[in-house]
Amino acid sequence: MAIDLTDLRSAQQDLRRTNSALEAIFEASPLAIIAIAPDRTVSMWNRAAEKLFGFSSQEVLGMVYPLTTDASDTEFAALLRKVLEGGEVAEFETQRRKKNGELIDVAISAAPLRGGDNEITGALGIIADIRARKRAEETIRHLAYHDPLTELPNRTSLMDRLEVSVKQARQSGSQLAVIYLDLDNFKVINDSIGHSGGDVLLKIVADRLRGLVRETDTVARVGGDEFAVLLGTPSGEKEASEIGGRILSEINGRWNLADREFNVSASIGVAVHPDDGVDAGTILKNAERAMYAAKTDGRNRLRVFTNR
């Protein structure tokens, strides 16, 4: 069979152009692209991989894949085995370790790397840095469950924790107490020195509450000038009254705010599971009712919820 040398040279030139184009894409890609041989050595490592992981191509080519940790090595081995058997791996999120030891969040997609005879010669992985997205997600999650002014858990977060605590208390047959606190005459202070001054007071109160409770307790801001304390189980009326008394003493007094002095105090209500409610919503509501009873009785005092 005659071979047209012109066609052969043209085909070779096309192949070289194709390979050059692929190499340019490989190096210019903003995503880390690496290839791993069946023996776990690195056969391809682009500039984006150098930038992301800190290893130069000279350091890793021909060397054993350097990014796994003890915790992720089993995952990597299973991933490599699947790809070498002809399977593809859709994007999944995991962590890999940089040259400096830092663990980073990444998204990985992988597929078999095939030779000219279609035989699998290794695994090709495309790796994206997702740290910025993870930080954004964490910020959104934090804002959803925390008060932006005081950094305390908000009402949503408190209710989640209270529901879990109620379930645990029910299973163990133990008591669970909630303290509900409202600052007395806060509107007068806020109107006198403005919202910025009122915000200063709220932040100071939040800090003092943190210092008065135990590590197992949760302090939350549940409203404008309203706070709640979920006591760690087991806890009952005695523990709640003792902590509530300390809170009253800490808050009651003359406060210097915006170069003016104000009398500051609080009214506190206490409710206890299961006597004052068997579900989270009822317990918190009854603690709030007890707080309003304290206000009705003259403010700057603590009342325990009662149906009477």
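1. Let's start with a term: a residue is buried when its relative accessible area is under 20%, exposed when over 50%, and partly exposed in between (1.4 Å probe, protein chains only). Ile-243 counts as buried because its relative accessibility is 4%.

2. A quick word on the model: it is predicted, so local features need pLDDT of at least 70 and side-chain atom pairs pLDDT 80 or more, while totals for chains, interfaces and linings use all residues. Residues are numbered from 1 along each chain as its sequence is written, and side-chain values use heavy atoms, without hydrogens and water.

3. Back to Ile-243, which sits in helix H8 (helices are DSSP runs of H or I, at least four residues, and strands are runs of E, at least two, numbered from the N terminus). Leaving aside neighbours within four places in sequence, Ile-243 has contacts (heavy atoms within 4.5 Å) with Ile-179, Leu-212, Val-213, Arg-214, Asp-217 and Leu-231. Take Arg-214: it is 29 residues from Ile-243 in sequence, and their C-alpha atoms are 9.3 Å apart.

4. Now look at H7 against H8. Val-205, Arg-208, Leu-209 and Leu-212 of H7 meet Ile-243, Arg-246, Ile-247, Glu-250 and Ile-251 of H8. In this contact, six residues are nonpolar, none polar and three charged (Asp, Glu, Lys and Arg count as charged; Ala, Val, Leu, Ile, Met, Phe, Trp, Tyr, Cys and Pro as nonpolar; the others as polar).

5. Finally, Ile-251 touches Leu-181, Leu-183, Val-205, Val-264, Ser-265 and Ala-266, not counting residues up to four places away in sequence.
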